[in-house]
Amino acid sequence: MRSWFRSEDTWAVITGVLVVLLGLIPNAFGWVPKVNEWVDPLASVAPVAPKVFAIPGGVSVLFLFVALLGFLTFGAWVMGHSVKRFAIGFTVLFAVGYGCWVLGHFGYIAGTPDKLNKLGIPWGLGLTGEAGYLLALASGLVVGNFFPKVGEWLRESARTEWYIKTAIVIVGGVYGLKATQFPEETKQILARGLAAIIEAYLIYWAVVYLLARKVFGFSREWAAPLASGISICGVSAAITTGAAVRARPVVPVMVSSLVVLFSVVELVLLPLGARLFLKDEPMVAAAWMGLAVKTDGAAISSGAITESFIYSEAAKEGVNYEPKAMETTTTTVKVFIDLFIGVWAVVLGIVWAYGIDRKPGQGVPFKDIWARFPKFVFGYVILFAALFLVGLQVSKADAKQMQTGLEYADQFRRVFFVLTFFAIGMGANLRRLWAEGLGKLALVYAISLFGFVIWFGLLVSWLFFHGVKPPEAKPKEPTAVVEGK
Amino acid sequence: MSADKPTDATTAEEMAKQQAEPLLPAEKWLIFGSITLGLVLLGLLLWLTGAL
C-alpha cells in the first residue's frame, strides 16, 4: 500500500471530505446529536433534525459513536495501527470527550447573560458551550498526569493530528458554503470584512509575532501559533497554523486553552465597555466584537449581548432598531476572518518551508517541500472553493438545504475538536509545560490582547463604521387601521 | 510527527539549553512586509469606501 495513503494527512482529508459530502445529502446526518445548553440533563442532547429522526438524544449519541468507531478503526487499520487497542481506546476517548462536551454546556457553566432567561437560571459563568473543550483538556491532563499507565495505554487511539486536521477540513466545507449565504449583508459590509482580514492577518499577527519573538524570546514554534491564536480566530487558527509550521501538537492546544480563557474575559468586559462608550455607535460596537473577541462562540455571543445592551439604551430614547442587525454584523466580520485561516496557513507553510526550515546553501527540492507541507490544507482550500462555487450556482432553496445539511455535518467537527483536546491533554506533562513557560505565554497573550488587539480593533471599527446605524424597525400599524383594511 | 516526538526528558533538556533564536530574514520580511502591506491596504480600502 502506498505510503501517502497510510498518512494521517490523507486520512484527515478522506474523513473530512466524506463528512462534508454526506452532509450535502438532505437529512443524511439528521440523526447526529447536537448538544444544547441545558439545566435538565434529559434536554442536553437531541438529534439535529428531531422532526425527521424522532429518537432519544442518547440513541443518536450511540449512533454517532458506532459510525465514528467503525470508520476510524478502518482508517487506523489501513495506517497500520493496532485495531484492538485503537477500538478500545477510542471508546474511552469518545466517552470521556463527549461527556466533557455535554458537561461544558451545563447552563451554570455555559450560560451567557442573553440566554439565562431562556435557561431559567439566575446566573451563569458565561463560558459558552466551548467550555467543553476546556473540560476535555483538563480531563486529559488528569489522565495523563495522574494515571500515566492509562494514558500510555490509550495513546494508540489518541491520534491528535488526524482529529485536528479532519476538523479543519470540515471547516473548509462548512464555511465555503456559508460565505454565499448572506448576499445583502455580505455586500454591505464587504469592505469591513476585508478590513478585518487585513487587520487580523497582516497587522495583528505580525505585531504579536514580533512581540513574542523579540520581547519575550519565544521560539518560532511557540510564537507562530500564539500569534495566530491572539490575532485571528483563536482555537481554529492556532491549531491550523500550528500544523502549517509543524509545531508539536501540544503547542497550539495550550495556546487554544488560553484563547478560550481570555475569550471569556472579553465576553464579559467588552460588551460592558460598548454599553458605556459606544451606545451611539452600534455598528462600531458590533464590528469591534467580531474583530476583538476570539473564538466564534464568544464573539457571536458578545455581539448578541452588546446588541441587547445598546438596543435597550436606544429604546429608552424611542429608537427601535431592526433585531439582529448588530449580531449579523459581528457574525459576518467573524466569518470573514475565519475564511482566510486556510489561506494564511498556506502562506505560513510556504514561508516556513522556503525561508525558515531551508538549510543554508542548499536548494529546496520540491519533494522536501511537499514532505513538509501540511497537505490537509489542500483539503480545506479545495473543499472551501468547491462549496463556494456550488453555493453561487444553485438556487436559494437548494443552498439553504445544503447549508442545513452542513450544519448537521459540523457537529462532527465539534466532536473531532473535543477528541483532540482530550487526547492532547492526555499527552501533556504538566511539569514539562510549566518548564516551557505557560505563564510567560499567558503574559504575552494578555499584553497583546489588552494592550494592542482590542484597541486597534476599536480604531479600525470606528474608522469603517462610525455614523452607520442599524436600520430602524418598522413600527407596527395600529390595530384599528388593520381592521379597517 | 508523533513518531518523532521526543521524550519528556529530552524535550526538557532541549528547552533548558535552548538559545535565543534570532529573527531570520524570512521572518523580518514576513513581519514588516505584513505590517506595511496591511497599513497600505487598510488606507486603500478606507479611500475606496469613502470612509475618510
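I take helices (H or I, at least four residues) as DSSP runs, numbered from the N terminus, and the expected span of a helix as 1.5 Å times one less than its number of residues. This is a predicted model, in which local features need pLDDT of at least 70 and side-chain atom pairs count only at pLDDT 80 or more, while totals for chains, interfaces and linings use all residues. Residues are numbered from 1 along each chain as its sequence is written, and chains are lettered from A and ligands numbered from 1 in the order in which they are written.

I then looked up its buried residues (20 or more other C-beta atoms within 10 Å, with C-beta atoms placed from the backbone), and found A:Trp11, A:Val19 and A:Val20 among them.

**A:Ser228.** I located A:Ser228 in helix α11 (residues 220-231) of chain A, where it is buried, with 34 other C-beta atoms within 10 Å. Leaving aside neighbours within four places in sequence, I find A:Ser228 in contact (C-beta atoms within 7 Å) with A:Trp205, A:Ala237, A:Ala238 and A:Thr241.

**α11 against α12.** I find α11(A) packed on α12(A) (residues 235-244) at about 155°, with axes 7 Å apart, the axes being lines fitted to C-alpha atoms over the stretch in contact and the angles running from 0 to 180 degrees between N-to-C directions. That makes the pair roughly antiparallel, a term for angles over 145 degrees. From α11(A) I noted A:Ala224, A:Pro225, A:Ser228 and A:Gly229 in this contact, and from α12(A) A:Ala237, A:Ala238, A:Thr241 and A:Gly242.

Definitions and conventions:
A residue is buried if 20 or more other C-beta atoms lie within 10 Å of its own, exposed if 12 or fewer, and partly exposed in between; C-beta atoms are placed from the backbone. Helices (H or I, at least four residues) and strands (E, at least two) are DSSP runs, numbered from the N terminus. Two residues are in contact if their C-beta atoms, placed from the backbone, lie within 7 Å. Angles under 35 degrees count as roughly parallel, over 145 as roughly antiparallel, 65 to 115 as roughly perpendicular and the rest as oblique.
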